[in-house]
2 protein chains.
Amino acid sequence: MAELVEVTDADDPRLADYRDLRDVELRKHLEAEHGLFLAEGEKVVRRAVAAGYAPRSFLMAPRWLDGLADSLAGTDAPCYVMPEALIESVTGFHVHRGALASLERRPLPSVASVLEGARSVLVLEEIVDHTNVGAIFRSGAAMGFDAVLLAPRCADPLYRRSIKVAMGTVFSMPWTRLPDWYDALPTLSSAGFTTVALTLAPDAVPVEDAVAGAARVALVLGSEGHGLSPRWEESADRRAIIPMAPGVDSLNVAAASAVACYVTARR
Amino acid sequence: MAELVEVTDADDPRLADYRDLRDVELRKHLEAEHGLFLAEGEKVVRRAVAAGYAPRSFLMAPRWLDGLADSLAGTDAPCYVMPEALIESVTGFHVHRGALASLERRPLPSVASVLEGARSVLVLEEIVDHTNVGAIFRSGAAMGFDAVLLAPRCADPLYRRSIKVAMGTVFSMPWTRLPDWYDALPTLSSAGFTTVALTLAPDAVPVEDAVAGAARVALVLGSEGHGLSPRWEESADRRAIIPMAPGVDSLNVAAASAVACYVTARR
């Protein structure tokens with residue numbers, strides 16, 4: 001059972017994991033250095049613990065203790081208890097649903113283990129927005145995708161905002177980083193996947209046609225701004241587009257990925 | 001041609017339209033009272049002016065004057081020119097791509113005129129998040145939907161954030177408010193639309209089946225949190241779901257609407 005510790009001073013050094021949550025750069029640095037990540041909200045905290053991530057500590061207002069009793073039961077980590085207003089002065093903003101946990105990251109699995117038995121996977125090249133990463137995980141999970149692979153420059157799925165938007169599906173969906181950017185797609189092709197790059201390239205075919213008949217599909221998404229790199233666009237087996245009405249630039253990457261996942265799941 | 005006015009004082013009263021853009025409640029009040037809305041970013045400003053909205057004024061850093069020369073050419077409204085850093089101290093945050101315009105709202109068209117000739121329309125009951133409203137407009141436009149109808153409590157498509165996320169499609173897509181919430185869906189049915197409510201209700205059928213064979217479809221979306229009201233859920237002709245993998249709660253409303261629009265467009 002977690003040890004309940006009442007804290008009355010927002011400057012208490014034991015709360016270091018929870019400081020300045022709105023400062024993305026500072027958080028990235030702190031979380032990488034200490035190998036931690038933060039979960040926010042009762043449901044997300046519960047899912048992180050249930051997925052086997054080891055809690056370093058919890059921070060919550062008293063009214064969340066009951067609802068999270070199951071998550072607190074199986075750990076010796078401290079649970080810092082503070083009034084909601086004081087929590088805000090630690091984190092620097094209004095905490096969504098008043099419960100937080102700091103948890104240990106785990107070593108990332110190998111690409112091979114993530115791909116084992118997978119039929120449909122997402123490959124994200126350079127999605128830099130945490131909201132989009134979270135939304136893509138959530139849509140992929142909803143559509144029954146088996147795994148997500150991230151290029152080195154893709155944003156962190158365990159960043160607080162990604163986790164929240166993903167509704168915790170980053171805990172249940174297997175994912176890892178690709179060690180090699182340049183040959184990532186040819187390597188997937190060699191492993192038996194048809195790599196389908198979502199793009200606005202002139203030779204792109206409708207995504208329905210691109211995925212038709214493919215036993216194993218790797219759906220490849222580029223950045224929000226400039227799309228896929230030329231290398232990835234060219235080294236994919238197929239280039240696909242979501243057919244759009246004339247005069248509209250494009251869908252946003254979260255909407256496009258939801259549609260592409262839906263179509264791929266039904267191939 | 002807009003009159004260029006250099007402004008050096010962030011407290012200049014002529015900049016009243018641009019104050020405190022992050023304060024949603026204050027902005028709602030100010031924009032309703034003065035019948036204005038704000039467009040942000042070169043592309044969005046250009047689209048607002050091109051769509052025929054009358055500018056009250058512009059506010060931009062000098063480097064945007066050339067790029068927006070076409071939008072400035074056709075109006076007598078003043079264009080306030082300020083260094084980017086000073087613009088930030090007016091608006092209260094970093095202005096995306098340094099160009100803003102304040103424009104006059106127009107009277108909303110009648111429901112009948114918006115529906116004339118329409119084959120596929122979106123009906124939003126209570127989408128309260130401006131980002132989601134914008135994303136739904138963008139996806140609807142991309143999928144060739146003809147119009148959007150908003151229940152009285154749906155968030156404003158001309159709020160700055162909605163416009164930005166919609167990439168200006170709120171200017172090209174016909175839309176209006178429904179005057180009557182209670183009988184909105186039966187009225188649409190009488191007008192020849194098959195109303196298809198997206199829901200997690202137990203009797204919901206896959207959306208592909210729900211829209212199959214319908215000549216005119218009104219796709220009905222509820223709120224981010226609790227979904228559709230019982231009245232709308234019951235008064236729709238059909239209840240539809242996007243089939244999902246077991247164990248996943250749901251898609252977010254922007255992802256769900258993108259998929260549903262895609263499927264409806266291909267019926």
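## Salt bridges

Over all chains, a search of the whole structure finds 30 salt bridges (a side-chain nitrogen of Lys or Arg within 4 Å of a carboxyl oxygen of Asp or Glu). This is a predicted model, in which local features need pLDDT of at least 70, side-chain atom pairs count only at pLDDT 80 or more, and totals for chains, interfaces and linings use all residues. Residues are numbered from 1 along each chain as its sequence is written, chains are lettered from A and ligands numbered from 1 in the order in which they are written, and side-chain values use heavy atoms, leaving out hydrogens and water.

## Two pairs in chain B

Let's start with B:Glu31 and B:Arg27, whose closest N and O atoms are 3.1 Å apart in their salt bridge. They sit 4 residues apart in helix α1 (residues 24-34) of chain B, so about one helical turn separates them. Helices here are DSSP runs (H or I, at least four residues), and strands are too (E, at least two), numbered from the N terminus. Both B:Glu31 and B:Arg27 are buried (under 20% relative accessible area; exposed is over 50%, partly exposed in between, with a 1.4 Å probe and protein chains only).

B:Asp183 forms a salt bridge with B:Arg231, with 2.8 Å between the closest N and O atoms. Because B:Asp183 lies in the loop between β8 (175-177) and α9 (184-190) of chain B and B:Arg231 in helix α11 (residues 230-235) of chain B, the pair ties together parts 48 residues apart in sequence. B:Asp183 is partly exposed at 32% relative accessibility, and B:Arg231 is partly exposed at 22%.

## An enclosed helix

Among the buried residues are A:Val253, A:Cys261 and A:Tyr262.
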